[in-house]
Amino acid sequence: MYAVARTIARSTKLAIAARPAALSVRSYSAHSDENLSFDEFTKKYVTFFEQAEDLFEVQRGLNNAFSYDLVPSVEIVEAALAACRRVNDYPTAVRVFAGLKEKCPSDSQYKQYLEATKSLREQLGVETREELAL
């Protein structure tokens, strides 16, 4: 009985010793551009949405922009809406505002975004979920 326990203990020690000392760990939630200022962040995503050529790129950019612990600027939202229009995807344009509503800490801030983007929304014909009664 003790011999079996010693054998198991020895094999466990050997298995632990066989592991490399330093394992590389990949953090999937870490952003490569965490040190960007808000203005640099805005410029990066406005440029991204201006260059997006298909729906996949637009949705990927939205997922990335909304994954940060901040509310995207009005300029980013406007560029994203223009990109949605360019790739002819109305549902994604409506979802931009659904994402904004979730990200905004208060209803008053969400309403400020709606007011700031009102002219572009009217120009593009984009309505919010509330306006569509969904």
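**From surface to core**

Tyr90, Leu132 and Leu134 together make a nonpolar surface patch of about 290 Å². The model is a predicted one. For the protein chain overall, the accessible surface is about 9500 Å², and carbon and sulfur atoms hold 52% of that.

The fold can be described briefly. The protein chain contains eight helices and zero strands, and read from the N terminus its elements are α-α-α-α-α-α-α-α. Of the 134 residues in the protein chain, 30% are buried. Among contacts in the protein chain with a separation of 6 or more, 67% join residues 24 or more positions apart.

Next come the charged pairs. How many salt bridges are there? The count is two. In one of them, the side chains of Glu130 and Lys101 meet at 2.8 Å, N to O. This pair links distant parts of the chain, since Glu130 is in helix 8 (residues 129–132) and Lys101 is in helix 5, 29 residues apart. Both partners are partly exposed: Glu130 has a relative accessible area of 41%, and Lys101 has one of 37%.

Arg121 and Glu131 also form a salt bridge through their side chains, at 3.3 Å, N to O. Arg121 lies in helix 7 and Glu131 in helix 8, so this pair ties together parts that are 10 residues apart in sequence. Glu131, at 46%, counts as partly exposed.

In soluble globular proteins, nonpolar side chains tend to be buried together. Here the largest nonpolar core has 29 residues, and those with the most contacts inside it are Phe49, Leu81, Phe97 and Leu100. Two or more residues of this core come from each of helix 2 (38–51), helix 3 (55–66), helix 4 (74–86), helix 5 (90–103), helix 6 (107–116) and helix 7 (118–124). Which helix gives the most to this core? Helix 4 does, with seven residues.

Technical notes:
Residues numbered from 1 in each chain as written. Predicted model: local features only at pLDDT ≥ 70, side-chain atom pairs only at ≥ 80, totals over all residues. Heavy atoms only, no water. Core = buried A, V, L, I, M, F, W, Y, C linked by side-chain atoms within 4.5 Å. Buried < 20%, exposed > 50% of the residue type's maximum accessible area, 1.4 Å probe, protein only. Helix = DSSP H or I, 4+ residues; strand = E, 2+ residues; numbered from the N terminus. Contact = heavy atoms within 4.5 Å. Areas by Shrake-Rupley, 256 points an atom, 1.4 Å probe, with all protein chains shown as cover. Patch = residues over 30% accessible without salt bridge, like charges linked within 9 Å, V, L, I, M, F, W, Y side chains within 5 Å. Salt bridge = Lys/Arg side-chain N within 4 Å of Asp/Glu carboxyl O.
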